Amino acid sequence: MTNTEQDRWSRVKGRLRTSVGEDVYTSWFARMDLEAVQDESVHLSVPTRFLKSWIQAHYADRVLTCWQAEMPEVHRIDLTVRTAMRSAASAKEATAPVDQRRIEQVNGRHAPELRATATAPVSASHDALGGSPLDPRLTFASFVIGRSNTLAHAAARQVAEGRRGDPVMFNPLYIHAGVGLGKTHLLQAVTWAGNSGSERKVLYLTAEKFMYGFVAALKTQTALAFKEALRGIDVLVIDDLQFLQGKSTQAEFCHTLNALIDAGRQVVIAADRPPSDLESLDDRVRSRLAGGLVVEMGSLGEELRLGILKSRVAAARAHHASFDVPEAVLDYLARTITHNGRDLEGAINRLLAHSKLNAQPVTLEMAEREVRDLIRPQEPKRIKIEDIQRVVARQYNVSRSDLLSSRRTANVVRPRQVAMYLAKTLTLRSLPEIGRRFGGRDHTTVLHAVRKIEALVARDIALSEEVESLKRQLQE
């Protein structure tokens, strides 16, 4: 890809992000790559068939419009699945030095084609399930531990080091975190460790892969074999559970989850939110998920970000011995790039590419120039009422359903009033809308709660500090 095409692609992505909004863009377009521009056609790629079909069905015209704003002559968008295109080259890429691969950036993230993929060594009894691709770099050895992920890492290691027949300590292990905070890294590390010289059968599947596997089994009338193969797994690892859709697919997942747990088999799951917030899932599934160990991986602190940067530099130096990033540059990156771990990885790749291709040492001036688009001003976080209910419920040790219920006991009324107050002060929702989101209450009830907490905060220092703490948690 030429520099002109790279710049044009960056502008198209900016238009697309503005058009669909940050949340939609992150969910569906963050892993889309530009492959080529030929005459009137633009060739794009995504890593999964699910993303391809969803974008084609819902956003094809939007993508074309954004391209035509940059190149009016474009009349066609070709979207392909990257894994299918590159599977033949994956083994070679797994051992190739970084500068022999395409060094491209997508919104500051390490381009997906830089990630060598491999298939987990699953046993023949469940080869029919396939298994989602694994990145050989995502192991426990490369995972950087910090305060925000210590518990999740320890729990994942405990699972990975177990043996067939050992009692299961917590089941399922449920890890949730935002984008780029390391949950996929941990799940793949569990899979690699479990399949390395272990007699246990460990299978890693994304929710999308699970859906396609089940639907394909139904179409080919092999559903029974699919179910039997799944139930023969010793450790089932499911990533991105929030994308699990379809009533029949969710029912099958519920049956599989129950069968494995009841049989003493280990289940490890990751999602971008806790079980109670997966409202598309059946109540029974959410209850079963919450019955295990639920661990949240928090945002990356500056010390952890610095550790990640040093780890990425060391990994790059294994192939490029002369590559060096001064301590001042690492401190600058750790201090200013705060969004997620993928942005940090993208920053190091940019410095490596610039240093090698231009034969120049890495300097603070160069770093400021090369990663300026990754240093995004901290926009106020868009807070959802569901987030407020979740954080308040956790703070006061009540359930979210308690906040929505008609219960009038003191231990529920105060948290409910605090939650309504925060919903009014931190969101743009109207009083009637807030009332509807709190169990269908009248807007006068919400107004009473808001005025009540305002009055108490003005004279109760302890409550005032408590409310400010809740605000900080929601805005982080």
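This briefing covers the overall build of one protein and some of its salt bridges. The model is predicted. The protein has 22 helices and 10 strands. Its structure holds 21 salt bridges.

**Overall build**
- The protein has 476 residues, and 49% of them are buried.
- Take the contacts between residues at least 6 apart in sequence: 73% of these join residues at least 24 apart.
- The accessible surface comes to about 23,100 Å². Carbon and sulfur atoms account for 50% of that surface.

- Side chains of opposite charge can pair when their charged atoms come close.
- Glu-296 and Arg-394 form a salt bridge, with their closest N and O atoms 3.1 Å apart.
- This pair links distant parts of the chain, 98 residues apart. Glu-296 sits in strand β10, and Arg-394 sits in helix α17.
- Glu-296 is partly exposed at 41% relative accessibility. Arg-394 is also partly exposed, at 45%.

- In helix α20 (residues 431–437), Glu-433 and Arg-437 lie 4 residues apart, about one turn of the helix. Their salt bridge has its closest N and O atoms 3.2 Å apart.
- Glu-433 counts as buried because its relative accessible area is 17%, under the 20% cut-off. Arg-437, at 24%, is partly exposed.
- In helix α22 (residues 461–475), Glu-468 and Lys-471 lie 3 residues apart. Their side chains meet in a salt bridge at 3.6 Å, N to O.
- Glu-468 is partly exposed at 36%, whereas Lys-471 is buried at 16%.

**A network**
- Salt bridges link Glu-386, Glu-433, Arg-436 and Arg-437 in a network.

Technical notes
Residues are numbered from 1 along each chain as its sequence is written. This is a predicted model: local features need pLDDT of at least 70, side-chain atom pairs count only at pLDDT 80 or more; totals for chains, interfaces and linings use all residues. Side-chain values use heavy atoms; hydrogens and water are left out. Helices (H or I, at least four residues) and strands (E, at least two) are DSSP runs, numbered from the N terminus. Buried means under 20% relative accessible area, exposed over 50%, partly exposed in between (1.4 Å probe, protein chains only). Contact means heavy atoms within 4.5 Å. Accessible areas come from the Shrake-Rupley method with a 1.4 Å probe; for residues, only the protein chains shown count as cover. A salt bridge is a side-chain nitrogen of Lys or Arg within 4 Å of a carboxyl oxygen of Asp or Glu.
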